[in-house]
Amino acid sequence: MSAPTSVPGSIPAPPPATAPTGVAAGRAAAGERSAPVELSYDSTVPRSLVHRLAVAEVFVTDSVQSGEDSFVVAAQLPRGHVIGEGALYDFTLLLEVVRQAGVLAAHRHLGVPLASAFILRDLSLRTTGFEPLRIGSRPADVVLSLDARPRRNRAGRVQGFSFTGEIQVDGEPAMLGQGGLLILSKAAYRVLRSKRLVPDHPGFLLPRFTAADPSAVGRRNTRNVFITDPVSESDHSEFFAQLVVDTSHPHMFDHPLDHVPGHLQMEAARQLAVASVARLHGLDPYTLAVASIVTSFTDYTELDRITRLRATVDGIRWDDRLRTFTVPVAVEALQEGRTTTALRLEVAQWS
């Protein structure tokens, strides 16, 4: 399960900050909406609305309700960020934007109390075009169109919701996504996690491993590497690595958490997939990016247990949609022989 969030050419000159851009020029996802949606990029929303501690880690700037359970959310992608290193806006950064959009919609539009824990149960993202994700000469304006399906109790309280959505970057389609969230009160979450040691407990011990060389996983900053050097044991299409956790990382651990956050696991899976595909098929890791990812969080991945990652790599395929080669990779996160997270990725070669 993912962490409770309570406590993937040149760019035209930007329009005025409050003018509609991208999907803001128009129609959000479910059904035609006749009125244009105006969104502001002047400032980020209050950090409490997206469950972040650092103001610098808030990327969403505005939201409007466009239907009964439909929302349009604005965000800005920074050209420079600790997790962003390549020529494309980083996949993990986009994951965080999606997460923040869902949390903001829940608090601002669905009436979910701020004192709530959000648990990500599943998340799927598919890249529809790499060119919109290329970092240009100005920060990118993002518009997310979300259609939610809330699950409420008899009193009308939202206990969770599933969603589908579209991401546009500077007016160009970039990604499609869907996912599901479970929402608990703080008290219920404390009961759920009461038997686990937290990082400030005297008996807590964080497993320590040496991260792989950044070049092996398509990274440049060692601090942004979250796996050990992948090894292939018997089957050359199967690769293994240990999860490397740094609880001081300013993006992955913006605030204290009691288990491994979902977006760290997804980034680790991306790194293992990239490294494995590069080695098996003789490709440059820096030319590989995520074409799609499907993630199912079946249990908590605990910080104080060793997490082994296993990747099974398939053959090279041609993707007509993206006009490039892709390679499917299945990744599992295992603790004490039990799968806590299952992921299916497609790694694409882009230029």
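Where is D170 found? This is a predicted model, and in it D170 sits in the loop between strand 5 and strand 6. The backbone there is worth a look. D170 has a positive phi of about 50°, although it is not a glycine. Its relative accessible area is 21%, so D170 counts as partly exposed. Buried would require a value under 20%.

D170 also has a charged partner. The side chain of R138 forms a salt bridge with D170, and the closest N and O atoms are 3.0 Å apart. R138 lies in the loop between strand 3 (116–127) and strand 4 (140–152), while D170 lies in the loop between strand 5 (158–169) and strand 6 (172–185), so the pair ties together parts that are 32 residues apart in sequence. The burial of the two partners can be read side by side. R138 has 12% relative accessibility and counts as buried. D170 is partly exposed.

Now to the other salt bridges. How many salt bridges does the structure hold? The count is 21. Side chains of opposite charge can pair when their charged atoms come close. One of the pairs is R108 with D62, at 3.8 Å from N to O. This pair links distant parts of the chain: R108 belongs to helix 1 (residues 91–109), D62 belongs to strand 1, and the two are 46 residues apart. R108 is partly exposed, with a relative accessible area of 36%. D62 is buried, with a relative accessible area of 16%.

Next comes E267. Which residue forms a salt bridge with E267? The partner is R219, with the closest N and O atoms 3.0 Å apart. E267 is in helix 3 (residues 262–281) and R219 is in the loop between helix 2 (186–192) and strand 7, so the pair ties together parts that are 48 residues apart in sequence. Is E267 buried or exposed? E267 is buried, with a relative accessible area of 0%. R219 is buried too, with a relative accessible area of 2%. The pair does not stand alone. Salt bridges that share partners join E85, D90, R219, E267 and R270 into one network.

Turn to the strands, starting with strand 9. This strand covers residues 308–313, and its side chains alternate. L309, A311 and V313 point to one face and are buried. Strand 7 (residues 238–242) joins strand 9 through five bridges, and the two run antiparallel. Within that pairing, A241 stands opposite L309 of strand 9. Strand 9 also pairs with strand 11 (residues 324–335), again in the antiparallel sense, over six bridges. There, T312 has A330 of strand 11 as its bridge partner.

Follow strand 11 onward. Ten bridges join strand 11 to strand 12, and these strands run antiparallel. Q335 has R338 in strand 12 as its bridge partner. The hairpin of strand 11 and strand 12 has two residues between the strands. In this hairpin, E336 takes a positive phi near 55°. Strand 12 (residues 338–349) has a further pairing, with strand 8 (residues 288–297), antiparallel and over nine bridges. Here L288 stands opposite Q349 of strand 12.

R323 is in the loop between strand 10 (317–319) and strand 11. R323 has 57% relative accessibility, so R323 counts as exposed. The cut-off for exposed is over 50%.

One last stop lies toward the start of the chain. V37 is placed in the segment before strand 1 (60–67). With a relative accessible area of 9%, V37 is buried. The C-alpha atoms of V37 and V73 are separated by 9.9 Å, and the two residues are 36 residues apart along the chain.

Key:
Residues numbered from 1 in each chain as written. Predicted model: local features only at pLDDT ≥ 70, side-chain atom pairs only at ≥ 80, totals over all residues. Heavy atoms only, no water. Helix = DSSP H or I, 4+ residues; strand = E, 2+ residues; numbered from the N terminus. Buried < 20%, exposed > 50% of the residue type's maximum accessible area, 1.4 Å probe, protein only. Pairing = 2+ DSSP bridges. Salt bridge = Lys/Arg side-chain N within 4 Å of Asp/Glu carboxyl O.
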